[in-house]
Amino acid sequence: MDKQFFIPDKVTLTPLSLPVFDRANISLAVLRLDKTDQLISGNKWFKLHYHLVQANLQQSNGLLSVGGAHSNHLHALAAAGEKLELPTVALIRGQPIETPTVVDLQKLGMHLHWLSYGEFRRRYQAEFWQEWAERYPDFYLVPEGGGGILGAKGCRVIPELIKQQLFTIGWDDFDYIYTGVGTGSTLAGIVWGLGGNHQVVGCLAVPERYGVDVQIKELLDEIPVSFTNYQLKPAAREGFGQADPDLLHFINDVEALAGLPLDPVYTGKTLYFLQQQVINGEIAEGSRIVLLHTGGLQGRRVLLNRWE
Ligand SMILES: *Cc1c(COP(=O)(O)O)cnc(C)c1O
């Protein structure tokens with residue numbers, strides 16, 4: 001198992017040249033977490049790592065988790081299960097629909113249960129999990145989004161991946177790490193791994209009323225160190241998973257100008273927000289920024305209308 005899940009060396013740090021940043025004399029580089037693995041892509045690979053180790057230790061019969069019909073998390077989990085030859089089960093929100101993600105999940109051998117919205121909301125209750133645990137004895141239950149403390153722990157290594165590669169782009173240091181935020185466990189892991197240096201800027205892909213700020217504080221409280229060198233920014237625009245025309249144009253421009261494919265749910269919105277900050281003069285001249293490409297390209301097939 002360790003061999004299959006060894007941190008791959010495909011995660012490169014690449015300079016990104018965009019006119020707005022160049023004019024403002026702000027340097028930008030992208031850590032390509034999307035390249036970790038074709039199927040277990042992006043931050044989900046890191047978030048799943050310790051959950052899979054735990055499932056292995058417990059000699060689990062399989063992996064069970066929850067998500068939506070475009071979920072990057074379920075996609076990564078299904079692929080990990082196939083690699084490890086462990087059965088996977090997903091509890092999916094809503095009426096059965098055939099999205100590119102769902103087609104992939106089925107191809108990867110994942111067993112799907114579709115839950116009504118009302119039933120899905122019960123996932124915060126202990127009885128809900130007891131029922132599914134009885135139905136799938138000795139399955140390892142992976143929390144929503146692969147999060148929690150084990151999810152964060154797997155992301156601790158990310159700052160090190162940046163530091164190791166700074167010399168390849170001629171930098172001796174950096175000022176900010178920008179990342180998209182859903183549950184915030186990736187951000188918590190990065191703050192943990194950074195050890196109190198540098199600033200981490202989390203761009204929220206979900207509306208602020210979801211209370212992710214509180215969730216992150218609780219997660220950081222569980223960590224044996226206390227760091228507060230992070231900020232959260234509202235970047236959800238019209239809502240989670242909603243892609244407006246301005247955003248889609250921006251994503252197309254970045255791909256045409258710099259050859260960088262972005263997902264419209266997380267990294268696209270993060271870079272859009274950052275560019276807006278640069279335009280507004282909110283980022284000091286000479287700043288060096290590392291943007292995390294957290295993956296999610298599988299999920300963009302529907303939003304960009306490219307069902308390849
Ligand atoms: C899940 C996901 C995130 C958010 O990660 P959290 O740890 O939940 O904050 C960011 N980017 C992509 C592409 C994701 O799939």
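## Basis of the description

Two strands are said to pair if DSSP finds at least two bridges between them. Strands (E, at least two residues) and helices (H or I, at least four) are DSSP runs, numbered from the N terminus.

The model is predicted: local features need pLDDT of at least 70, side-chain atom pairs count only at pLDDT 80 or more, and totals for chains, interfaces and linings use all residues. Residue numbers start from 1 along each chain as its sequence is written.

## The four-stranded sheet

In strand E6, leucine 141 is the bridge partner of leucine 64. Strand E3 (residues 62-67) and E6 pair in the parallel sense over 3 bridges. Both belong to an open sheet of 4 strands with parallel pairing, in the order E5-E4-E3-E6.

Strand E5 (111-115) and strand E6 (139-141) each have a single partner strand and stand at the edges, so one side of each is left without a neighbour in the sheet. On average, neighbouring strands of this sheet are turned by 25 degrees against each other, direction ignored (axes are lines fitted to C-alpha atoms, for helices over the stretch in contact, and angles run from 0 to 180 degrees between N-to-C directions).

The protein is divided into domain 1 (13-40 + 154-307) and domain 2 (44-149); the bounds come from an automatic or database domain assignment. The C-alpha centres of the two domains lie 25 Å apart.

In domain 1, 21 residues are in contact with 21 residues of domain 2, contact meaning that the C-beta atoms, placed from the backbone, lie within 7 Å. Helix H7 (148-155), helix H9 (185-194), helix H10 (212-222) and helix H13 (300-303) are the elements that give two or more residues to the side of domain 1 that touches domain 2.

Technical notes
Contact = placed C-beta atoms within 7 Å.
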